Amino acid sequence: MSTIFIVNGEEKALEMRGKNGIDWSADFIATGEQNWKCDDDGRYIVSQEDFEWWKNMIAEWQHMESVVAEYND
């Protein structure tokens, strides 16, 4: 299940899947949460800048994971 955000009134989602296929984006994002507000459905209400930061952070983490996996093979 992806982590859902509201950015400028638009719903957007981020996923971060491990080798086992499980999405752990909510766990990853919760470690750095900045007291964001949530709506009644539990979606984070954030700025475009915050959303893009997390989108880039997840992409970098996934790249690192693939480099480590390649190195270990």
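**Notebook: sheet, salt bridge and pocket**

I began at isoleucine 6, which stands opposite glutamate 11 in β2; strands here are DSSP runs (E, at least two residues), helices likewise (H or I, at least four), both numbered from the N terminus. The model is a predicted one, in which local features need pLDDT of at least 70, side-chain atom pairs count only at pLDDT 80 or more, and totals for chains, interfaces and linings use all residues. Residues are numbered from 1 along each chain as its sequence is written, and side-chain values use heavy atoms, with hydrogens and water left out.

**Entry 1: the fold**

I read the protein chain from end to end and found the pattern β-β-α-β-β-α, with 2 helices and 4 strands. The C-alpha trace spans about 45 × 20 × 20 Å along its principal axes.

**Entry 2: the sheet**

I looked up the strand order. The 4 strands form an open sheet, β2-β1-β4-β3, with mixed pairing; two strands pair if DSSP finds at least two bridges between them. β2 (10-14) and β3 (37-38) are at the edges with a single partner strand each, so one side of each has no neighbour in the sheet.

I then checked the partners of β1. With β2 the pairing is antiparallel, over 5 bridges. With β4 (residues 44-46) the strands run parallel, joined by 3 bridges. On this side isoleucine 6 stands opposite isoleucine 45. The hairpin of β1 and β2 has 2 residues between the strands, and asparagine 8 takes a positive phi near 50° there.

I also noted what covers the strands. Helix α2 (residues 48-72) lies across β1, β2 and β4, running at about 20° to β2. For this angle, axes are lines fitted to C-alpha atoms, for helices over the stretch in contact, and angles run from 0 to 180 degrees between N-to-C directions.

I went back to glutamate 11 for its charge partner. Glutamate 11 forms a salt bridge with arginine 43, the closest N and O atoms being 2.6 Å apart. Glutamate 11 is in strand β2 and arginine 43 in the loop between β3 and β4, so the pair ties together parts 32 residues apart in sequence. The count comes to 4 salt bridges, taking a side-chain nitrogen of Lys or Arg within 4 Å of a carboxyl oxygen of Asp or Glu.

Aspartate 39 lies in the loop between β3 and β4. Leaving aside neighbours within four places in sequence, I find aspartate 39 in contact with Ile6 and Ile45 (heavy atoms within 4.5 Å). From phenylalanine 5, aspartate 39 is 34 residues away in sequence and 9.4 Å away in space, C-alpha to C-alpha.

**Entry 3: the largest pocket**

I looked up the largest pocket, which holds about 160 Å³ of space. Of the 13 residues lining the largest pocket, Met1, Ser2, Thr3, Ile4 and Ala26 are the closest to its centre. A pocket is an open set of points on a 1 Å grid over the protein atoms alone, where a 1.4 Å probe fits, with protein on both sides within 12 Å along at least five of seven lines; lining residues have an atom within 4 Å of a point. Grid points are joined across faces, edges and corners, and the volume is the space filled by probe spheres set on the points. β1 (3-7) and α1 (25-30) each supply at least two lining residues.
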